[in-house]
Amino acid sequence: MKKNKPRFFYRILILTGIFLCCFGKLSAWAAMADAEGALNPKVIRVGWYDYAGFYMTDENGYRSGYGYDYLLEMARFGGWSYEYVEGTVSECFQMLEDGKIDLMGSVMYSPERAMIMDFSTISMGKNFTVMTVRSDDSRYQIGNPRGFDGIKVGALQGDTRQNELESYSKKQRFTYQLEEYATPDLIERALQNREVDALLGTNMRVAGGQERIIAQYAPKDFYFVTKKGNARIKKSIDAAMEQIEFNRKDFQSELSKKYFSVDMSGSLTFTEEELQFLQTQSQIRVLLPSLRRPMAYQENGVYKGILVDILNALGDRIGVSFEYMEVRDQIEGITYADSGQADILANVYNDCGWAERNHLFLSRPYMTLDYVSVSQIDSDVSKPNLRIAAVKGYRFSQDFVQKRYDENQITWYDNEEACINAVQKGSEDICFVSTYVANDYLQNYRYRNLYSSIISYSHGITVGVSSTLPQFQVLLSILDKGIASMGDLGINNIINANTMPQSHHLSAWELIMRNPVPFVGVCAVFSMIIIVLASMLLSSRKIRRKDQELYRAKLAAERDSLTGLYNRLSFELLVSEVLSSHASHKMSAFAMLDIDDFKQINDRNGHSYGDKILVMLAQNLDMQLKPETAFLCRMGGDEFALFLPEISAEEQILRKLQQVHKQVGSGCDDTMPIPFSMGIAFTSEYQNTFAQLYEAADTALYCAKQKGKNLVCVAESSTELKKN
């Protein structure tokens, strides 16, 4: 037994060592797992305070703003979600210091703050101190700070920007009188009541179109901040912001434009130098290159078109008249401008490099041109070695056509009309023109065998001013102000007026082509006198060809051009036909849909964005209702309708429409919801015509709007389905 004691002792030591090694490794693995989880937070607590344009919450609880969009974009890259903790700015700072929240946004850097909080490596944006005056106050002009002498400035009590104003006034050598106010509402009311001349604030303040900026200075970055030493959150935020910086370089400028851009339409003031220029030069000579409908053309000796109407409206706003001169192309126009025979060149491609090489300076763009391909309906544009028709000397031809096709495929023509005619006759396979030009030609029945398809190419259109013109900087400034004051809505109205379908008197030949069957019948009668068999063969061939043409024309006539859904007329005829053929025991459902606050979407983001929302809604409705036998229609504007001709039970279709409302309303992803209201009506013994169903569904839709929007209401029923 004594000989076994040492052996037993050694066994105990070995087992103890093995246990300690295993325990150490397990601890290390656990620590690594904890560290990995710490670097990938699942939920981040964010301090949320009211800040117009930055952090906003509407009456329905929907959040928006510059900072909110930034948070969502970071979450897309970081994979986390947020818990919003509300409070004032000072309360949020205290909660951050106490560890009750993880993150705050829109914080300016200071050494004192850096001692108690960590700043994101990348800034959220840049904030300027600005002075604004009433939009109708012409006493003060940007670029002339010495004219500010004696100005009365309103500012918030304790606003640190007062120090910036003092430094700026000393540097620019003007005096001012400061008036302090307790709240932003009081200071804005003082400005509108003319108690003060100017307001001290920031460029990231929502001011609408009632104010204009006269001075902008002292740029400062603002950041996200975390509690000092909270490395896991800071590292995650920095990584997400680096991804945004790499993948969306214009993200910050997009947010600034979305939430803080000022609508300048209707606002127009000039400096003394600009007023003197306008007094001495009341007429400006304008070159119109490459005339073509509907951009610019001559009719009965008068220049007309989108471009001419925009310039005429611009001239009315700035107080000048334009003398138009026609030139073959932009190259010839540059020669005229360099020789002093003209002042400005219209319809210029927005390319600063091209402008510099040709001694031009460009105004701000006043419209955007999108382009389409034009080909025959039955042609195969995917085949190799397509025959391309292109306009020679046309800037678009250089940037798009020549970069995508071999020179031996391209045939050069003098203008766009020659290109379209070549495709229409079949001598070329395809050509590329602007959407406005394509629509103008394809409205003509002569081009019924052509169709257009959108391509991924667009560019801005500007006015070019020759650098050889005396005071060209002053003229450019006047043009920029005039274009800005017209606003997107004013320019879009001009474009719409020039692109609406024009009335057209049908020729005898077109009357025959639009009514081929009666014409073929008459021809058949006369042909039978000569030879029965030959006339029957000839008429049958013509009938088949004309029926195909009618079918294509019918498709074009019954569809909405933007969404591809049925238009109102064809939808009403289709629904009425189905209802008249129904047996008494068959039940149908009729629904009206309307996008909530669609005008605000257009006003805030532009009509182009609004059109995308309409198309997205139409596509999602079509996708969700494909398994059903449903007819979809765009009634007009942002109003849609759908008709389910045969349903087995009301509850079943209500559940289906509830699911459609939920799925379609979410848009393509959670960052782009499409809130809309829906009204539903069912056929009954006393409600079985289109007009009755339309009235009932429209009343239910109005009920949904009245009850808070984003709802589904059923006609003559208390049933109400609210979107989750």
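The lining of the second largest pocket divides into 18 nonpolar, ten polar and nine charged residues (Ala, Val, Leu, Ile, Met, Phe, Trp, Tyr, Cys and Pro count as nonpolar, Asp, Glu, Lys and Arg as charged, the others, Gly among them, as polar). This is a predicted model: local features need pLDDT of at least 70, side-chain atom pairs pLDDT 80 or more, while totals for chains, interfaces and linings use all residues. Residues are numbered from 1 along each chain as its sequence is written, and side-chain values use heavy atoms, without hydrogens and water.

The pocket's volume is about 1100 Å³. A pocket is an open set of points on a 1 Å grid over the protein atoms alone, with protein on both sides within 12 Å along at least five of seven lines; lining residues have an atom within 4 Å of a point. Of its 37 lining residues, Tyr51, Leu156, Asp159, Arg161 and Thr202 lie nearest the centre. Strand E5 gives the largest share of the lining, five residues.

Now the cavities, where a 1.4 Å probe fits but cannot get out. Three reach 30 Å³ or more.

Last, a helix pair. The axes of H9 (residues 272–280) and H16 (residues 472–499) come within 10 Å and cross at roughly 95°. H9 and H16 are therefore roughly perpendicular (65 to 115 degrees). Glu273, Glu274, Phe277 and Leu278 of H9 meet Val474, Leu475, Ser477, Ile478 and Lys481 of H16, with contact meaning heavy atoms within 4.5 Å.

Definitions and conventions. Axes are lines fitted to C-alpha atoms, for helices over the stretch in contact, and angles run from 0 to 180 degrees between N-to-C directions. Helices (H or I, at least four residues) and strands (E, at least two) are DSSP runs, numbered from the N terminus. Angles under 35 degrees count as roughly parallel, over 145 as roughly antiparallel, 65 to 115 as roughly perpendicular and the rest as oblique. Grid points are joined across faces, edges and corners, and a volume is the space filled by probe spheres set on the points.
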